[in-house]
Amino acid sequence: MPNMPEAKNHSLTDGNEPCFCGSGRKMRLCHKTASPDSRAAHVVRLYRDVEQTIGDYRATSPKQPPCREGCSNCCSDYFPVSQVEFELLLVYMERHWSKDEIAEAFDRAEENLLLLEKENPDMHASLTHNIDRKGELDAVRRHAGRNSFPCPLLDRENGRCRVYSARPFLCRTHGSSHTFYGGWRERLQPGQVCEYIDGGRSHRKITPNIADYWPLYEELADVRVGKERRLLRQYPIFYWLVLYGRHGGGKTTELGNRDNFDLPLAEHNARMAAHGSSAN
Ligand code: SF4
Ligand code: SF4
Ligand SMILES: [Zn+2]
């Protein structure tokens, strides 16, 4: 795996690091059944490492992106996240939100789905149909844009993310970093990051390159079976809420099963491979 972040940055611990739920307690004293080698624990370490890279850049570079607290326009963009990242959001909400607030987010997500159907029927169709990850990525490339509604986890009053310390990888890196592998095609990439940031070279000049983190992110978002990586379907946060609300624990943060958290990664991969990699 080329460009893998340094092993030392991502080393396993014996559970003495802070728990992924945001309690501030050591993992072995908090979520006691969770393996420090679980998918969720790896994702949280990846979050920490990429934050460190972005933080170091912010502390030392005179050229900065305009992203700031309360700027949340990009929280209305259509973008998918992995299942384990979504479950980390539920764990955070369970600890920090009231039951009513949680139920309200599920309600809002159902409203979001209806709105998407009206305003972006192509995106809605690919979201709700049984397509594979490649088909999903293709649909995102062709149809994704800015929704008329923000993420249901955004505080609309003040534009702040209500799950900030547990927010997914893309939320952490969009705007505040870039991914550049150096290919000539990428150099020609047009488009904007958002209405305040031009894409391509302009973005690269004001942000750190986090290309090295992507292989690990993809490893954790998907399933590794021997040398093969099986791509898992991803969904926008609102649609994960819809799916879990309808087919999981209702309008609650109940997870059903905790494989993403409790099982060591290799064991989890093997189990998902045996089940056809559909879901955990
Ligand atoms: S990417 Fe753009 S919209 Fe998002 S926080 Fe940064 S400046 Fe604001
Ligand atoms: S999780 Fe937070 S940062 Fe990410 S889209 Fe939702 S509100 Fe915005
Ligand atoms: Zn915990």
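**Legends to close-up views of a predicted model**

Of the 280 residues of the chain, 31% count as buried (20 or more other C-beta atoms within 10 Å of the residue's own; exposed means 12 or fewer, partly exposed in between, with C-beta atoms placed from the backbone). This is a predicted model, in which local features need pLDDT of at least 70 and side-chain atom pairs count only at pLDDT 80 or more, while totals for chains, interfaces and linings use all residues. Residues are numbered from 1 along each chain as its sequence is written, and chains are lettered from A and ligands numbered from 1 in the order in which they are written.

View 1. Helices (H or I, at least four residues) and strands (E, at least two) are DSSP runs, numbered from the N terminus. Along the principal axes, the C-alpha atoms fill a box of roughly 45 × 45 × 40 Å. Of the contacts with a separation of 6 or more, 73% are between residues 24 or more positions apart; a contact requires C-beta atoms, placed from the backbone, within 7 Å.

**View 2. The crossing of helix α1 (residues 39-60) and helix α2 (residues 83-96).** The two axes come within 10 Å and cross at roughly 85 degrees; axes are lines fitted to C-alpha atoms, for helices over the stretch in contact, and angles run from 0 to 180 degrees between N-to-C directions. The helices α1 and α2 are therefore roughly perpendicular to each other (65 to 115 degrees; under 35 is roughly parallel, over 145 roughly antiparallel, the rest oblique). On the α1 side R39, A40 and V43 take part, and they meet V84, E85, E87 and L88 of α2. The contact residues comprise four nonpolar, no polar and three charged. Here Ala, Val, Leu, Ile, Met, Phe, Trp, Tyr, Cys and Pro count as nonpolar, Asp, Glu, Lys and Arg as charged, and the others, Gly among them, as polar.

**View 3. L46 in helix α1.** L46 is buried, since 20 other C-beta atoms lie within 10 Å. Neighbours within four places in sequence aside, L46 contacts Y213, L216, Y217 and L220. L46 and F169 are 123 residues apart along the chain, and their C-alpha atoms are separated by 8.4 Å.

**View 4. The shell around ligand 1.** Its residues are P65, P66, C67, C71, N73, C74, H174, G175, V193, C194, Y196 and I197, each with a C-beta atom, placed from the backbone, within 6 Å of the ligand. They divide into nine nonpolar, three polar and no charged.

**View 5. The shell around ligand 2.**

**View 6. H143 in helix α5 (residues 133-143).** H143 counts as partly exposed because it has 16 C-beta neighbours inside 10 Å. Not counting residues up to four places away in sequence, H143 touches N120, D122, M123 and S126. The C-alpha atoms of H143 and L153 are separated by 23 Å, at 10 residues apart along the chain.

Notes: Two residues are in contact if their C-beta atoms, placed from the backbone, lie within 7 Å.
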